[in-house]
Amino acid sequence: MEEERRMSTRTRKVAPKMAAALASTDNRTQVRQLLLGLKLWKTIMPELNTLRFMMTMTMLLLMMMMMVFLFSPIFFSAFKFYDNCHVLIVYIQKKQLKGTKRKTRQAKALEDARKAPRTFLELLHEASLESLPPHVPTYLRAAVGPPSSTSRRHFCTVCGFTGGYMCVKCGMRFCSIRCQHIHDDTRCMKFVA
Amino acid sequence: MSNVVVLDNGGGLIKAGHGGDRDPEVTIPNCLYRPLSSKKFLYPSPSNSEDLTSAALRRPIDRGYLINTDLQRDIWAHLFSSLLHVAPSSSSLLLTEPLFTLPSIQRATDELVFEDFNFKSLFVADSPSLVHLYEASRRPDGLVSKAQCSLVVDCGFSFTHAAPVFQNFTVNYAVKRIDLGGKALTNYLKELVSYRAINVMDETFIIDDVKEKLCFVSLDVSRDLQIARKRGKDNQLRCTYVLPDGVTYTKGFVKDPDAAQRYLTLDDGSLPQPSETEKDMVQIDDAEERKDRKRIDLTKNEFDLTNERFLVPEMIFQPADLGMNEAGLAECIVRAVNSCHPYLHSVLYESIILTGGSTLFPRFSERLQMELRPLVPDDYQVKITTQEDPILGVWRGGSLLASSPDFEAMCVTKAEYEELGSARCRKRFFH
């Protein structure tokens with residue numbers, strides 16, 4: 001009796017959460033099977049002595065709180081009641097999803113995102129400067145553009161002097177065997193130049 | 001007459017003062033920083049006596065444009081109340097804004113000025129026209145003021161602009177921009193030093209200092225590279241920078257300041273040939289040098305710079321060498337001039353004004369002249385003017401404009417802003 005009462009108070013507390021777990025039909029069939037097992041166990045129970053009863057109870061409690069929660073609808077009485085109850089539970093659960101707490105958190109996150117400093121590139125993208133007619137000078141059109149000659153000097157990526165050789169793996173430049181070893185040991189294959 | 005606050009809100013430094021003065025009252029870095037010793041972010045102050053080792057940084061300006069208005073509000077509030085001691089509600093503001101500021105950023109700036117600080121009125125100027133104004137007023141007989149036309153090359157913290165100015169207005173369709181400035185150079189130097197010597201990726205302030213003290217623009221890169229390769233005393237370019245240890249000194253310094261200036265003696269182009277006796281000396285020096293190097297490895301709080309000293313500023317002239325697909329400064333200037341009317345070309349080439357902190361590298365203008373000459377048609381003269389203080393050039397122009405009698409009439413007042421909104425008010429500034 002003591003046991004039963006405690007379970008029922010818990011049931012009231014966890015019923016909405018439990019309903020979420022039971023929402024799918026698969027779960028429900030599982031529960032039915034479990035409940036059948038429980039019924040069987042209940043019939044055998046009186047024949048067991050008290051010590052074993054206590055042990056099994058603790059086992060049961062320890063096994064999984066969730067399992068206990070799953071069994072709890074039986075205390076409401078049986079399947080039919082549970083099926084009726086199910087609708088109610090889902091309704092309660094839906095109501096809580098719509099509850100105020102979640103909504104404010106979401107709204108707050110949205111507001112934070114709106115307020116947070118955005119990067120320059122985001123702002124640039126937002127301004128959609130490409131859509132302006134070509135005679136309007138904009139940030140994008142003021143960029144100087146690529147150099148007229150494609151020739152470039154090559155410096156050793158290790159020591160900075162003229163780099164005559166290129167790494168066969170990654171294409172970075174180096175000037176001597178010594179620098180090649182340093183290059184291989186440190187930053188080879190990190191970038192593809 | 002009411003008080004005018006002139007504010008040159010740069011990405012690296014804020015220059016602020018009262019209109020009509022010659023120099024800004026306050027020059028502070030435009031950032032909040034948190035040294036290792038502190039838990040909170042601190043406001044920058046003009047006299048930085050603190051240990052800035054590994055200080056974390058927060059900047060309101062990204063790529064030259066005001067992005068984080070909350071941070072900027074904090075810095076400005078500190079600036080107006082504790083450093084300048086002005087009441088915004090009874091003063092006007094002259095604010096500089098980079099070219100091609102996006103409308104959304106302009107709106108945010110207006111909100112900041114009028115709604116958060118309640119300034120009485122606002123005038124937004126762009127830096128090239130202010131520099132032109134200052135230079136024209138300094139030399140009333142010069143070509144800049146007679147032709148009312150100049151080419152302002154502003155090489156600042158976030159980017160570099162070549163902007164033709166005509167009749168005090170920036171010719172905005174001809175402006176060309178390189179996305180390279182002092183910040184990129186500092187980061188590049190940081191990367192080089194971290195790879196070759198000591199990890200300094202967190203030491204922005206220190207590497208800034210190294211860059212300012214040791215970097216220079218090479219006039220002959222291949223020759224300087226050869227010198228930098230030499231060992232011992234022959235290498236006139238090697239220089240040692242001592243990092244702060246936090247105990248005896250909290251600021252880094254150049255170990256031998258005379259050695260830092262030695263590159264200036266390399267002008268003649270011929271390499272000094274050491275005689276026989278000198279060679280012996282050199283060998284002894286070499287031995288000493290080796291001892292030195294050992295010591296350096298043990299203490300680990302200083303590093304040598306050789307070719308980094310001139311390869312870092314080299315970036316501005318040849319970004320392609322580093323894999324950036326952008327033209328160099330000389331080509332940038334030529335493209336800016338070519339976008340203008342042909343009548344202006346000769347005048348523009350003859351009145352190039354250099355401004356911005358990154359032009360402070362020694363021999364910057366000589367190198368630019370050297371690079372520019374072959375690109376410019378023979379019948380045009382190339383004349384590059386440097387400002388006496390390139391960092392403050394824009395601010396001085398602003399101060400001059402703020403003290404002109406019709407400044408008040410050019411401003412947008414708070415009432416107008418409230419009536420018309422940001423976008424309509426902006427039309428008055430013709431940007």
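Colleague: Which residue stands opposite Val4(B) in strand 8 of chain B?
Modeller: In this predicted model, strand 1 (residues 3-9) of chain B and strand 8 (residues 91-97) of chain B pair in the parallel sense, over five bridges. Within strand 8 of chain B, the residue that stands opposite Val4(B) is Ser92(B).

Colleague: In which sense, parallel or antiparallel, do strand 1 of chain B and strand 2 of chain B run?
Modeller: A hairpin of three residues joins strand 1 of chain B to strand 2 of chain B, and Val6(B) stands opposite Gly17(B) in strand 2 of chain B. Five bridges join strand 1 of chain B to strand 2 (residues 13-18) of chain B, and the sense in which the two run is antiparallel.

Colleague: How many of the seven residues of strand 1 of chain B are buried?
Modeller: For chain B as a whole, 45% of the 431 residues count as buried. Strand 1 of chain B is largely enclosed by the rest of the structure, because the number of its seven residues that are buried is six.

Colleague: How is helix 11 of chain B oriented to helix 13 of chain B?
Modeller: Helix 11 (residues 329-338) of chain B and helix 13 (residues 364-372) of chain B pack with their axes 9 Å apart, at an angle of about 60 degrees. Angles of 65 to 115 degrees would count as roughly perpendicular and those under 35 degrees as roughly parallel, so the orientation of helix 11 of chain B to helix 13 of chain B is oblique. The handedness of this crossing is given as well, and it is right-handed.

Colleague: How many charged residues are there in the contact of helix 11 of chain B with helix 13 of chain B?
Modeller: From helix 11 of chain B come Leu329(B), Ala330(B) and Ile333(B), which meet Leu368(B), Glu371(B) and Leu372(B) in helix 13 of chain B. By class, this contact has five nonpolar residues and no polar ones, and the number of charged residues is one.

Colleague: How many charged residues has the side of chain B that touches chain A?
Modeller: The contact takes 24 residues from chain A and 33 residues from chain B. Among the elements that give two or more residues to that side of chain B are helix 2 (103-116), strand 13 (176-178) and helix 11 of chain B. By class, the side of chain B that touches chain A has 15 nonpolar and seven polar residues, while the number of charged residues is 11.

Methods:
Residues numbered from 1 in each chain as written. Chains lettered and ligands numbered in written order. Predicted model: local features only at pLDDT ≥ 70, side-chain atom pairs only at ≥ 80, totals over all residues. Axes fitted to C-alpha atoms, helices over the stretch in contact; angles between N-to-C directions. Helix = DSSP H or I, 4+ residues; strand = E, 2+ residues; numbered from the N terminus. Parallel < 35°, antiparallel > 145°, perpendicular 65-115°, else oblique. Left-handed = near helix turned anticlockwise from the far one by under 90°. Contact = placed C-beta atoms within 7 Å. Nonpolar A, V, L, I, M, F, W, Y, C, P; charged D, E, K, R; others polar. Buried ≥ 20, exposed ≤ 12 C-beta atoms within 10 Å, placed from the backbone. Pairing = 2+ DSSP bridges.
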